[in-house]
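Work through the exercises below with the sequence and the 3D structure at hand. Try each task before reading its solution.

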Amino acid sequence: MKVITQREKRKTLLLKIVSKNEILIKAPLRLSDSKINEFILSKQKWVDGKIKKMEALEEFAGGFNFEKYIYKFTEIVMETKNISLDYDSLSASKKNLAIKKQYIEMFDILKERAISLAEQFNFKVNQISYLSSIYKWGSYNDKGEMKLNYKLIILPKELIDYVIIHELCHSKHMNHKPQFWKEVEKYCPNYKTLRKNMKNFSFILKTDF
Ligand SMILES: [Zn+2]
């Protein structure tokens, strides 16, 4: 594991997982090296856990390049005992906004996919727009309006399709009763597995960006 230490004018220690083989430490100018090493050692378990999760997701997504997306979700600011907390929340929220903007710019990709699936399977959809939510991946109402969470863009393709088909099937059944799932199964025979796999990505849904 490569450790890059950046000294700067700050009051907290920050540990960021840059990739599977690299972590970045941002440390106050005058904090001793031994304190920094102590901090890294104390977070070793946490880092290992996150990297395992990254690897699992990567494998699951069939080589999809998650690293550049995932490091963002694993960033954490740690507080040392002898210095006070000074979390630069403003820059964090600004960064989140930039990422959100970028994903929304890519929304057309999701929209096009939804239109093409609707045409292919003969579903009615009047309007497709993006959804900004930490609770739902998508929605469909009785006016034929479908919403898709813009965060879907970083999910594996088969899961994006599952969510779109799920919402399209609500045009026939506005509930989650057995008939609804029968309809989903027509277009997604492995929907049960896909539904389970969606849970691996709930941390993306819950991340506010
Ligand atoms: Zn549903």
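**Exercise 1.** Which residues in α6 meet which residues in α8? Then classify the angle between the two helices.

Solution. The model is a predicted one.

Step 1: On the α6 side, the contact is made by E158, L159 and Y162. On the α8 side, the partners are Y191, L194, N197 and M198.

Step 2: Sorted by type, the residues of this contact comprise 5 nonpolar, 1 polar and 1 charged.

Step 3: Two packed helices are described by the angle between their axes and the distance between the axes. For α6 and α8, the angle is about 105° and the axes are 10 Å apart.

Step 4: Angles of 65 to 115 degrees count as roughly perpendicular. Therefore α6 and α8 are roughly perpendicular to each other.

**Exercise 2.** Check whether the span of helix α6 agrees with its 13 residues at 1.5 Å a residue.

Solution. 

Step 1: The helix covers residues 157-169. The expected span is 1.5 Å times one less than the number of residues, so α6 should span 18 Å.

**Exercise 3.** List the buried residues of α6 and state what they pack against.

Solution. 

Step 1: The buried residues are I160, Y162, V163, I164, I165, H166, E167, L168 and C169.

Step 2: These buried residues pack against helices α5 (107-120), α7 (178-187) and α8 (191-198), and against strands β6 (138-140) and β7 (145-149).

**Exercise 4.** Describe the open sheet of 3 strands and the helices that pack on it.

Solution. 

Step 1: The strand order is β5-β7-β6, with mixed pairing. The edge strands, each pairing on one side only, are β5 (127-131) and β6.

Step 2: On average, and ignoring direction, neighbouring strands of this sheet are turned by 15° against each other.

Step 3: β5 and β7 run parallel and are joined by 5 bridges. In this pair, S129 stands opposite K147 in β7.

Step 4: Helix α5 lies across β5 and β7, at about 140° to β5. Helix α6 also packs on the sheet, where it touches β6 and β7, and its direction makes about 20° with that of β6.

**Exercise 5.** How does β3 pair with β1, and how with β2?

Solution. 

Step 1: β1 (residues 2-8) and β3 (residues 22-28) run parallel, joined by 7 bridges. Q6 stands opposite K26 in β3.

Step 2: β2 (residues 13-19) pairs with β3 in the antiparallel sense over 5 bridges. Here L15 stands opposite I25 in β3.

Step 3: β2 and β3 form a hairpin, with 2 residues between them.

Note on methods
Residues numbered from 1 in each chain as written. Predicted model: local features only at pLDDT ≥ 70, side-chain atom pairs only at ≥ 80, totals over all residues. Helix = DSSP H or I, 4+ residues; strand = E, 2+ residues; numbered from the N terminus. Buried ≥ 20, exposed ≤ 12 C-beta atoms within 10 Å, placed from the backbone. Contact = placed C-beta atoms within 7 Å. Pairing = 2+ DSSP bridges. Axes fitted to C-alpha atoms, helices over the stretch in contact; angles between N-to-C directions. Parallel < 35°, antiparallel > 145°, perpendicular 65-115°, else oblique. Nonpolar A, V, L, I, M, F, W, Y, C, P; charged D, E, K, R; others polar.
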